[in-house]
Amino acid sequence: MNTLVMEQPAQNDAALVQETLEGNQLSFQLLVERYQDRIFGLARHYTRNAVELEDLVQDTFIKAYHRLETFQHQSSFSTWLYRIAVNTCLDFLKRRGRNPVQTVEDPELIETSSPGRGAGSLGSPDAALEREEIVQVTHEALEELPEIFRTVLVLREFEEMAYQDIADLLGISIGTVESRLFRARARFKEAVLRLHPEFGQDGR
Amino acid sequence: MEGNPLRLTCDSASALVPGFLDGELSEEQSSSVRAHLLDCPACREVAKGEQVLKRWFIDEPIPDAPAGFAARVSRRAFAGDPGVLVPVAGHSSESSVLPFVLRLTAAAAALLLMLAATMHVRSRSAGGDELRAEDLDAVWAEIYDLEGESPARYWDDDPAADSGKGAARDR
């Protein structure tokens, strides 16, 4: 099956979407193959469990299939799919009952120390840690963040998305992206220092 | 423009540093931030701190999708699988137990209420209330004796009806 898929001439997303809507299962399979790595890459920031990860990605694509008729081509297919993936991941965390989604209007979220200056001095991880250890510490700290902050940080720092793309994906303004990133970075520093005080610059 | 960037205050420059490092500023803004950082050691430290932060965000290799993943997913989708999300490992039992516990608690509370009502009716018919009222009056009397005060001070009007009021008050 995969060989057959690989032999297909490259088609753009819009054509594959149209063919899927016309009932072509293979076209949808091509879309999944095209984006599965990116969605796996995104979803792994929300769970370390391989089974849950696969379920998240699978559900993202199945939801996308069922909503394909609502795709208006106003944004790119990848942005549209990412939006479904992010929402699927957030739903998953909400169902898990941990670290529920909070709104930025929450006073506790607004009241945070000034990033950069007041959030403590987080040292560089390079010298002391192996790559796997850095990944582990970073994941632990991300898990401490409210989801709205974790998501912007993941989209910016790991997915390397532009502010405008993040804004489009989450349906928020660029200003909101900036302010969430601002707070998210401060929260991230605080979380690393709280979980691993040894990484403070004074402690190095 | 490049040769004459807008001069920034430290507050303005610090606010622009994240966007500067993310490559999100206009050329003009970037030039201004760059010029400020060259002149200002304090803001340079802020920028260094933000730069260091980025070193924590190193990516792991993306796990390979399982063999046949795309084929399986598209087959499921076309078979009408609704894609109801992901039973959460280790948590699904909690979510199913909670409603059961709540229902059980409600049922127990209702049962207790019925039991209490039944006992109340029985005790009334057996004159239990009057006995308890008398006991209570005796306790009140002891308290007043200890304090050297008359019950009449607390219960106005008819002292003779005091015990009745006390009983009524406690019903």
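Trainee: What does B:Phe78 count as by its relative accessibility?
Mentor: A word on the basis: this is a predicted model, where local features need pLDDT of at least 70 and side-chain atom pairs count only at pLDDT 80 or more, while totals for chains, interfaces and linings use all residues. Residues are numbered from 1 along each chain as its sequence is written, chains are lettered from A and ligands numbered from 1 in the order in which they are written, and side-chain values use heavy atoms, leaving out hydrogens and water. Buried means under 20% relative accessible area, exposed over 50%, and partly exposed in between (1.4 Å probe, protein chains only). B:Phe78 has 24% relative accessibility, so this residue counts as partly exposed.

Trainee: How are the rings of A:Tyr65 and B:Phe78 arranged?
Mentor: Rings of Phe, Tyr and Trp (its six-membered ring) pair if their centres lie within 6.5 Å; planes under 30 degrees apart count as stacked, over 60 as edge-to-face and the rest as tilted. There are 11 such aromatic pairs over all chains. For A:Tyr65 and B:Phe78, the centres are 4.7 Å apart and the planes stand at 40 degrees, so the pair is tilted.

Trainee: Which helices does this pair come from?
Mentor: Helices (H or I, at least four residues) and strands (E, at least two) are DSSP runs, numbered from the N terminus. The pair crosses between chains: A:Tyr65 sits in α4 of chain A, and B:Phe78 in α4 (residues 69–78) of chain B.

Trainee: How many helices and strands does chain B have?
Mentor: Along the sequence, chain B follows the pattern α-α-α-α-α-α-α-α. Its count is eight helices and zero strands.

Trainee: Which residues is B:Ala13 in contact with, apart from its neighbours within four places in sequence?
Mentor: B:Ala13 lies in helix α1 of chain B, and at 0% relative accessibility this residue counts as buried. Contact means heavy atoms within 4.5 Å. With those neighbours left aside, the partners of B:Ala13 are B:Leu8, B:His36 and B:Cys43.

Trainee: Which elements do the buried residues of α9(A) pack against?
Mentor: These buried residues are A:Tyr163, A:Ile166, A:Ala167 and A:Leu169. They cover an arc of only 165 degrees around the axis, so they are on the same side of α9(A); the arc is that of the directions from the helix axis to the C-beta atoms. They pack against α5, α8 and α10 of chain A, together with α1 (10–21) of chain B.

Trainee: What is the make-up by class of the contact of α7(A) with α10(A)?
Mentor: The contact includes A:Val137, A:Ala141 and A:Leu142 of α7(A), and A:Phe188 and A:Val192 of α10(A). Ala, Val, Leu, Ile, Met, Phe, Trp, Tyr, Cys and Pro count as nonpolar, Asp, Glu, Lys and Arg as charged, and the others, Gly among them, as polar. By class, the contact has seven nonpolar, one polar and three charged residues.

Trainee: Where is A:Glu160, and what is its relative accessible area?
Mentor: A:Glu160 has a positive phi of about 55 degrees although it is not a glycine. Its place is in the loop between α8 (147–158) and α9 (163–170) of chain A. A:Glu160 is exposed, with a relative accessible area of 61%.

Trainee: And where is A:His73?
Mentor: A:His73 is not a glycine either, yet has a positive phi of about 65 degrees. A:His73 is found in the loop between α4 (50–66) and α5 (77–96) of chain A.
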